[in-house]
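Me: I'd like to understand the wording used for this structure. Could you take me through it?

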Amino acid sequence: MAAVNVIVFGATGDVGSHAARTAQQLGANVFLAVRDLAKPVPGLTAEQEKAGRFERVKADLNDAESVGAAVTSTKATRALIYLAHGPDHGMKACIPALKSAGIEFVVFLSSYSVRGRPAETSSDDYISYAHALVELTLAETFGEQNYVAVRPAFFASNILWWSEEIRSGDARIPYPDALFDWIAPADIGRVCGTILAKPEAATGDGDERSVVFLVGPQQMSQRDALAIIGRAIGKDISVTAVSDDEGVALMKKMGVPEGVARSAMNQWSKMNEGSDWYRGSAYEKALRNIEAITERKPLDFAAWADENKQKPGTEWFPKDACEWPDRWVRAGDAVGMTLQATSSTSGLTVVENLTTGRPESHRFANQRELCGFNAEWIVEDLSYDG
Ligand SMILES: NC(=O)c1ccc[n+]([C@@H]2O[C@H](COP(=O)([O-])OP(=O)(O)OC[C@H]3O[C@@H](n4cnc5c(N)ncnc54)[C@H](OP(=O)(O)O)[C@@H]3O)[C@@H](O)[C@H]2O)c1
């Protein structure tokens, strides 16, 4: 039987990149739909892209024409899509464009916050409403049997919203004691990729074949999660609760849209009071879904932290160190570096991510005296896809 053509929108994302690799490993021809053709896909070097016969195609989910053109050029019949924040509410232009161009089956990265029937979701909460609108458009366009909404709960990677606080050792964050499930994006991606390659893997939850709820294996507070991060990176992190407004300001600084941040505060305040998210038979089923679909045990938060702890930076050993911003470098990027010692105790390091064009520099002063013999470029604790 000929291999199926699959197109992954959001292939540079945490979930999308794992979905693309999983679908390819399961025998699909995978097309990586990206907004920037030069941007690396995490976990895939240029050589691995070539060896796996991945092909790149440019498309923006906010531009229905580009979506249709990408599908037509790849002859893909199955697609993974993300929610695109933008003027096309419910992706009412994009989703019909997928269908007209030849897509027969869609996997949508939705959200656990869509709890009941999408049509009954309140417009008061941005996150659940925005995802529910897309599910409605999928149902109208493709019919219940021809799409799957994967609804994951709270991503382990959300801890990276507090990167600056972690770096400072003083985490001032909202709702430190609310419990979350910390699902690993890699597991979500593997679920999406498996369903793309084998739609029958999604047996559906309850009456709805088109919905797959996912949760991480263990409930834990942000305070406890930060303690795990602290141990993984060898740093004591103190935790203090801040207001919703301060939480929104922190998330906006990390690039989260204000509507999403406000909606998160609303959901977290309910979690803090003990919501029913993590109770009942639907939760129990959601707990089993990752392993049932991927045949792999889900990653717990400590395993996720261990896989994601590498932080790029420069260090004047054994004195000061500085870290570069999160996600400054990703697998497959080319990096250039220059090091200038301006005296035996001071100097300048300049590193440039040649793939993205982003430079980072750090000036060191009053350090331990240099021996003047060597400088080291170290890749330590390297892990690749678990
Ligand atoms: N955080 C949570 O707890 C949570 C819970 C439930 C569901 N979710 C869902 O999961 C999503 C985040 O997934 P993730 O961690 O994989 O995200 P991510 O790593 O931040 O990646 C986002 C991906 O979406 C792409 N993208 C954004 N806007 C696009 C557009 N207009 N057209 C095409 N591609 C676009 C980005 O492309 P570029 O590389 O070009 O930017 C990137 O590939 C959320 O947006 C939400 O819908 C999140």
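Reply: Happy to. Keep in mind that this is a predicted model. To begin, helix 7 passes helix 11 in a left-handed crossing.

Me: What makes helix 7 oblique to helix 11?

Reply: The axes of helix 7 (residues 185-197) and helix 11 (residues 280-294) cross at roughly 50 degrees and come within 9 Å. Angles under 35 degrees count as roughly parallel and 65 to 115 as roughly perpendicular, with the rest, apart from those over 145, being oblique. That makes helix 7 oblique to helix 11.

Me: Which residues make that contact?

Reply: Helix 7 brings Asp187, Arg190, Val191, Thr194 and Ile195, while helix 11 brings Ile290, Ile293 and Thr294. By class, this contact of helix 7 with helix 11 has four nonpolar, two polar and two charged residues.

Me: Why are helix 3 and helix 4 called roughly parallel?

Reply: Helix 3 (residues 64-74) and helix 4 (residues 94-101) have axes that cross at roughly 25 degrees and come within 8 Å. The cut-off for roughly parallel is under 35 degrees, so helix 3 and helix 4 are roughly parallel to each other. Residues in their contact include Val67 and Val71 of helix 3 and Ala97 and Leu98 of helix 4. The contact of helix 3 with helix 4 divides into seven nonpolar, three polar and no charged residues.

Me: How many residues surround the ligand?

Reply: There are 25, and the closest are Gly10, Thr12, Gly13, Val15 and Leu61. Helix 1 (residues 14-25) gives the most to this shell, with three residues.

Methods: Residues are numbered from 1 along each chain as its sequence is written. This is a predicted model: local features need pLDDT of at least 70, side-chain atom pairs count only at pLDDT 80 or more; totals for chains, interfaces and linings use all residues. A residue is near a molecule or strand if its C-beta atom, placed from the backbone, lies within 6 Å of it. Helices (H or I, at least four residues) and strands (E, at least two) are DSSP runs, numbered from the N terminus. Axes are lines fitted to C-alpha atoms, for helices over the stretch in contact, and angles run from 0 to 180 degrees between N-to-C directions. A crossing is left-handed if the near helix is turned anticlockwise from the far one by less than a right angle, and right-handed if clockwise. Two residues are in contact if their C-beta atoms, placed from the backbone, lie within 7 Å. Ala, Val, Leu, Ile, Met, Phe, Trp, Tyr, Cys and Pro count as nonpolar, Asp, Glu, Lys and Arg as charged, and the others, Gly among them, as polar.
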